Amino acid sequence: MSGAETPVDKARRAGLSALALVGSAVGGTIVCRIESGNWVPPPAFLQAIVYGGVNAMFAIGLVLVYRASRIVNFAQGILGVIGATLFLMLVVVKGWNFFFALPVSVAASAAVGLVVEVSLVRRLAKAPRLALTVVTIGLGQVLLAAAGILPIFFLRDVTELPTGGLRTPFSTFEWRASPLIFTGNHVLVVVVSLAVMGGLALFFRLSSVGIAVRGAAENDDRAALLGINTSNLSTFVWVLAATLSGLAAILNLTIQPTIFGVAAVGGASASVLLRALGAAVVGRMENLPITVAAAMGIAIFERCMFWAFDNTAMMDMALLILIVVVLLVQRSQSSRTDEGTTGTWAASVEVRPVPKELRDIPTVRAGLRRSLVVLGLVVAAFPWVMSPSQTSQGTVFVIYGIVVISLVVLTGWGGQISLGQFAFVAIGAVVGSSLTSRAGWPFLIALIAASLIGAAMAVAVGLPAMRITGLFLAVTTLAFAVAVTSVVLNPRFFGWLLPGSITRPKFLFLDSEDPRVYYYLCVAALLFALWVASGIRKSRAGRVLIAMRENERTAQAFAVNRVRTRLATFAISGFLASFAGVLLAHQQYSVRQTAFLPEHSVQIFLIAIIGGLGSVPGALTGVLYIALVNIFVSGNFGQLLASGMGVMLILLFYPSGLGGLVFAGRDAWLRRVAMRQGIYVPSLMGNYRVMEGDMARATLAPKFASSTVGTSADAGAEQERDVVPVRYRIPSAIGVRGESQQGHAWRWQG
């Protein structure tokens, strides 16, 4: 899909792909020999080819969607979850024949892709790529929830589902290749994978639709000018991607030992998604043959790591290194289309302050002061009217507020997309709790030290960001989050660092073991983070961040140091996130892997997006929304509001987030105050017509419909004649539809 290639280019590409496959096998074998003292059994390579075929289909779908919509579809591994679950219900519960259930289930996955493209992708076609990418994250959660509900329509009780493996007509063919057992299902996966890849290669090379898809991927606007219906092509690509996801999910189910072990496709977790992302990144999100070869190589290396370490933790770290190295090498080869879409990833709306014309009005000052007092009273009274468990839950969301502020600095102001922010939280939690519980350091000193170490780690992650930006940086940070969870928080590797029991600190006569005391401590920490962020935004550093986000080259032309600015952004963000991590570890009394999963990084990013990443108050509105829903709304309805469905609905109707909605209400109140006080505020009157006053007395040009010209030099008389003939005039829409179409009018008395 990357344009015309010479035979030499094709040969070089094939050679590099083969070399990569051989290198992954040899490298993995050597690591296994060094670590375990044994060689990788040959049947493990056959097993790797089977899993590599499944991962390749997921990766192909990622590449297709990226080339069509310029986004990373984080729901790619989940688009087929409904089809896979339906397949289980039809075969296991209803007893359908395998060959009838398979096409029906794949068609259901294709239908999901069609609905997603028509209802979401097409609606957000002109929106920033960040918004559409976030919608795919929420979409994944919605599809998982829908797949969980689907068995209700087939079973009276979900526990009635038979146990044991999924049986297919190919399950009877079984042979043992010590120490592994293979069945006909493994052969089926390989045959179908090869058939799909070969069919796609012929389709994109020979069919008119395939050639059109390739052309639109290179330049969507130019393809539209040539008469190609890019909307229909986008629909086709999403349907094809969903079909691949559904087929891969079903094939994956046939080679699993238990039925519901991978009922969510196995692609729902961040780790499995990361393997497909790693293959797609190696293929530069455009080259399908290299993507397939990379998926096979990753699967081979993963199997080797499994035999060497008996887990895939080191594979997660190897994937991080692979993605970073490949992106650093390949970013210099990025296309103009990629560069042109980078700016759309940094798009965020910043809430404007109170207009200077109204800041000193007593009514405005009193209203803002009362709002702050009410908010302060609610925050202060919260632990006294809630139960201890609700107070602890509220404390967690206060800590999340600090993490969200770190995201505002990094993403909202710095324009660096991070889907691994909770990794820095985990680093702060591990280091801070170890210093207090193992080394016996005072809490405040440990808090500062852990935050500084987190800042240093963030700078290390930010170094590749000098060349990796936009969605590729998002993939890199997600890989970093997976690696931290799998390796740093793994007792097998860093058991000496992970703390045992954690006790909360004491300050003078205050014992923070009391949930209320610790709640107030975290509120004070949140106020500190607010003070830091506010100071940065009002300083020259904040203005430089915004300038770099909006136009990096122009900012550099004004002597802005790009490297120093970007690393400083990562350092500040990492400091705040690690600062929150120390507080979270002491609030939870422990540091567990389940508390710092990569999914938490994605969730905290969604929370910030819900509120609005452009400003700190807006982003904190998202935290407040999620906190209120989790604390006060119970049951399925509360989960629905706090899940991806809530995210999608909010972004579809309020692209600026809940913070933008709240501050739109504030602007409406300020507008009323300005009208009553007789003060004209241009920033608040954009949709209003000014009928009188100084602004209404501005000099206007003569009407275009007529002009005064001399018709007789002798008589010196002037007559008015029409410039536009009557037959070409169109009646005014306002005159036809009535005065109700004129919009709001406001008479300003000067």
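Which residue in E2 does Ala-177 stand opposite? Ala-177 faces Leu-180 of that strand. The model is predicted, so local features require pLDDT of at least 70 and side-chain atom pairs pLDDT 80 or more, while totals for chains, interfaces and linings use all residues. Residues are numbered from 1 along each chain as its sequence is written, and side-chain values use heavy atoms, without hydrogens and water.

**Strands**
- Strands E1 (residues 174-177) and E2 (residues 180-183) pair in the antiparallel sense over 4 bridges; pairing requires at least two DSSP bridges.
- E1 is joined to E2 by a hairpin of 2 residues.
- Strands (E, at least two residues) and helices (H or I, at least four) are DSSP runs numbered from the N terminus.

**Helix H23**
- Across its 27 residues (562-588), helix H23 reaches 39 Å from first to last C-alpha, close to the 39 Å expected at 1.5 Å a residue, a span taken as 1.5 Å times one less than the number of residues.
- Because 21 of the 27 residues are buried, H23 is largely enclosed by the rest of the structure; buried means under 20% relative accessible area with a 1.4 Å probe, protein chains only.
- Tyr-589 follows H23 and has a positive phi, near 65 degrees.

**Nonpolar cores**
- The largest nonpolar core has 202 residues, of which Leu-277, Trp-413, Leu-583, Phe-596 and Phe-605 touch the most other members.
- Another core, apart from it, has 10 residues, including Ile-361, Val-681, Leu-684 and Met-685.
- A nonpolar core is a set of buried Ala, Val, Leu, Ile, Met, Phe, Trp, Tyr and Cys residues joined through side-chain atoms within 4.5 Å.

Conventions. Buried means under 20% relative accessible area, exposed over 50%, partly exposed in between (1.4 Å probe, protein chains only).
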